[in-house]
Amino acid sequence: MTATEGVDRRRFLALLGAGVAGASLPTLVSGCAPGGSGTGPASGGNRPLSAAFYQAINDLDPHGASAVDEASLLANRQIYDTLVARDGDKTVPGLATSWRQPDEKTWEFTLRDDVTFHDGTKLTSADVKASLERLAASDGPQKPLWAALDTVEAPDPRTVKITTKDPVGTLLVNLTLAFILPAAQLGKAGFFRRPVGSGPFAVESFTPSSQLLLRPAARYWGGASKLSGLRLPYIPEASTRMTSLQNGEVDVTWIIPPDELKRLSGVNGVRVESKPGVNYFLAWFNCGRKPFSDVRVRRALHHALDVKSIVSNLYGDAATAMDAPIPSAVFGHAGQQPYEYDPDLARRELAEAGHSSGIRTSMMWFKDTGPLATELAQSIISAWAEVGVTVEPQQIEKAAWIKRLTALDWDIELQVNTVTTGDADYTLGRLYTSDANRMGYSSKELDGILAEARSTSDQDRRESLYGRACEIIWRDAVGVFPAALSSTYGLRSTVQGFVPAANSQPAFRTVSTAQ
């Protein structure tokens, strides 16, 4: 039996979902303790809308170590605001009503004058300045995005002036991740147990890795939510989430596993909505370590894989085989000619590279990196064995995986990555430069292209440059990019105004429930 046959599809249900101190707030809903589910189907009423994600919200610090985790970003987008926001491929006003670029290193933003934090204090340029400086000084995962930041000035309460050391054409995109906090409360002990933001929802209660309960901010500048509240429980088991959705105990959940799609489509009171996502699998080669320092070996392993069949057998309609190092939903994606599945060619290329007797190597991943990760690894390993490449599977704990990953102590590694901003720079410009050295790969040509793409504000030019970057990374076979995961949501029919998000971070301010 092949590695793609007899797959335990129920494992998919458990995995697919694709990576405070403040003013006293009134009780949101009586009897809605962490873990509670409300009663009966969603019908508006007084209970909060329940939106269940498969990942745990562990931290509400939008500049901390969990700043780009999907679950943290989901929470942050409800609680905090950013200067600008993303609407498809466009950047639109947020806290800033307008902006201009006096020169290539300077950006000036004009702020709204009607924004207050949840504790009633007015948001000003001083809060923006303090937040951006804190973000740039942090050691969190966003730090590379702010390396070129020079100064942030607040000449008056409604004006912010950002100066960079070099031209940064991705500044607006990066700002969609820069959540603004109240300067006066930064540094206060316990602030992030119940933080204060200026977003559409305020924190009612938070139990890490269990539940976040939010209430609408009545004075939100964009208009108050019609919901009585928003509950974000952690329900890791997909089967439990699906049952809760069918029973009306959960109003929204995502992503929907393929085995559940047909069944849910026939359930009264439930609908399914889907769109291309920005989560995807990658299997990097350690290009700085033999035999993967030889591009012929890397290309041979590509030719040994029937990627389309593997992805179809494992994921069905819940994923698509990739044709670039980033998903098609990402700005800057440029489709490439897929490597032909040709095991005989793979054997010849390995022989030409001096490995006619085969290769012994290893692949590492951690168990919950993504849906059916173990089965995907086994499928790939099985295919490579057919051309004489013996791969030792190494499923390890996440902490050990991270340590080995950053130390380049691996041969091949498998993971799920998320292009959080929807812009190629977030992945290509952050991970594939020689300075980043994330997979032992170095290309001066690619470095130059990525540097130019980051520095220009011409979006057409950026798109063209990222197309060239996709071509180089694909041509040099830095890794295998098997599957882009669809972003699929299940909703009760009573839920109105919901817009599916490709990045698993839907906004709930405009959502309402039928009475």
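User: What volume does the largest cavity have, and what makes a space a cavity rather than a pocket?

Analyst: The largest cavity has a volume of about 70 Å³, counted as the space filled by probe spheres set on grid points joined across faces, edges and corners. On a 1 Å grid over the protein atoms alone, a cavity is a set of points where a 1.4 Å probe fits but cannot get out, whereas a pocket is an open set with protein on both sides within 12 Å along at least five of seven lines. This is a predicted model, in which local features need pLDDT of at least 70, side-chain atom pairs count only at pLDDT 80 or more, and totals for chains, interfaces and linings use all residues. Residues are numbered from 1 along each chain as its sequence is written, and side-chain values use heavy atoms, with hydrogens and water left out.

User: Which residues line the largest cavity, and of what classes are they?

Analyst: Lining residues have an atom within 4 Å of a point, and the largest cavity has 13 of them, with Q55, I57, L232, P233 and Y234 nearest its centre. The strands β9 (211-216) and β10 (230-233) each supply at least two residues of this lining; strands (E, at least two residues) and helices (H or I, at least four) are DSSP runs, numbered from the N terminus. By class the lining has 8 nonpolar and 5 polar residues, and no charged ones, where Ala, Val, Leu, Ile, Met, Phe, Trp, Tyr, Cys and Pro count as nonpolar, Asp, Glu, Lys and Arg as charged, and the others, Gly among them, as polar.

User: How much space lies in the second largest pocket, and which strand gives the most to its lining?

Analyst: The second largest pocket holds about 1200 Å³ of space. Its lining has 40 residues, and R77, A85, R86, D87 and A507 are the closest to its centre. Strand β2 gives the most to this lining, with 4 residues, and by class the lining has 21 nonpolar, 12 polar and 7 charged residues.

User: Why does S504 count as buried?

Analyst: S504 has 0% relative accessibility and therefore counts as buried. S504 is found in the loop between β19 (495-496) and β20 (512-513).

User: What makes Y80 and F179 an aromatic pair, and how are their planes set?

Analyst: Rings of Phe, Tyr and Trp (its six-membered ring) pair if their centres lie within 6.5 Å; planes under 30 degrees apart count as stacked, over 60 as edge-to-face and the rest as tilted. The rings of Y80 and F179 are 6.1 Å apart, centre to centre, with 55 degrees between the planes, and the pair is tilted. Y80 lies in the loop between α2 and β2, and F179 in the loop between α4 (171-175) and β8 (201-207), 99 residues apart.

User: Why do Y220 and W221 count as they do for accessibility?

Analyst: Y220 has 12% relative accessibility and so counts as buried, whereas W221, at 22%, counts as partly exposed.

How values were computed
Buried < 20%, exposed > 50% of the residue type's maximum accessible area, 1.4 Å probe, protein only.
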